[in-house]
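User: I'd like to learn how to read a protein model. Could you walk me through this one with some questions and answers?

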Amino acid sequence: MSEETQEESLFEAPPMAEQERMVEAILFATAEPVSIKELTGRMPHGCEPSEALQHLRKRYEGRGVQLVKTGDAWAFRTAGDLGFLMQKETVEVRKLSRAAIETLAIVAYHQPVTRAEIEEIRGVSVSRGTIDQLIELEWIRFGRRRMTPGRPVTFVVTQDFLDHFGLENARDLPGLKELRSAGLLESRPPPGVEAEEDADEDDDTPDMFVPSPEEES
């Protein structure tokens, strides 16, 4: 065997079935979603984690645990129709104020978006506490600055936001029609009532992600 052939054999990738087992082991052992780049870095040279993921995804179809893509990463998650079995696992539900829900909705549907643009859409100023709360929850983060006077910073949703709501990317957010049919869209209060909402951050609101009609285009 020539020296060149010997060198190539040293880097021969494991069979695809073995690569699937490797990907499966990594994902089960990791709490957070794992990107293909991370998988490539952990697996032997020559492996094709993207192909292994597709085989693995098919193998878990219809099972109690499913392989899902969130953003640019992959993770095992409980099948959606079995979520009710996990209710007893919930220890604490942190409620968001109406102002925070609307701000989150605007960022999700209009990202990247500046604070001034959020205020323009809502028709009311956004308190620093509202932005800080969403950043603390790791549901939004700072994006690139706009190349406009003052170079204002923009906000975008995070990988944690996509993972929490079971979305592959922000384009998978429900549309206005779906939200209405599900009964999740409520009417906005009269002008003047809403203008006081940011001043009352402790107001209890349903702990769901509900954008208002004007915030979806």
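User: In what order do the 3 strands of the open sheet come?

Analyst: This is a predicted model, where local features need pLDDT of at least 70, side-chain atom pairs count only at pLDDT 80 or more, and totals for chains, interfaces and linings use all residues. Residues are numbered from 1 along each chain as its sequence is written, and side-chain values use heavy atoms, with hydrogens and water left out. Strands (E, at least two residues) and helices (H or I, at least four) are DSSP runs numbered from the N terminus, and two strands pair if DSSP finds at least two bridges between them. Here the pairing is antiparallel, and the order is 1-3-2.

User: Which residue in strand 3 does valine 34 stand opposite?

Analyst: Strand 1 pairs with strand 3 (residues 73-78) in the antiparallel sense, over 2 bridges. Across from valine 34 you'll find tryptophan 74.

User: What angle do helix 5 and helix 7 pack at?

Analyst: Take helix 5 (residues 98-110) and helix 7 (residues 128-136), whose axes are 10 Å apart. Axes are lines fitted to C-alpha atoms, for helices over the stretch in contact, and angles run from 0 to 180 degrees between N-to-C directions. The packing angle is about 65°.

User: Is helix 5 roughly parallel or roughly perpendicular to helix 7?

Analyst: Angles under 35 degrees count as roughly parallel, over 145 as roughly antiparallel, 65 to 115 as roughly perpendicular and the rest as oblique. With the helices packing at about 65°, helix 5 is therefore roughly perpendicular to helix 7.

User: Where is proline 112?

Analyst: Look at the peptide bond from glutamine 111 to proline 112: it's cis, with omega near -5°. Proline 112 sits in the loop between helix 5 and strand 4 (113-114).

User: What is the relative accessibility of glutamate 138?

Analyst: Glutamate 138 is in the loop between helix 7 and strand 5 (140-145), and its phi is positive, about 65°, although it is not a glycine. Buried means under 20% relative accessible area, exposed over 50%, and partly exposed in between (1.4 Å probe, protein chains only). Glutamate 138 counts as partly exposed because its relative accessibility is 46%.
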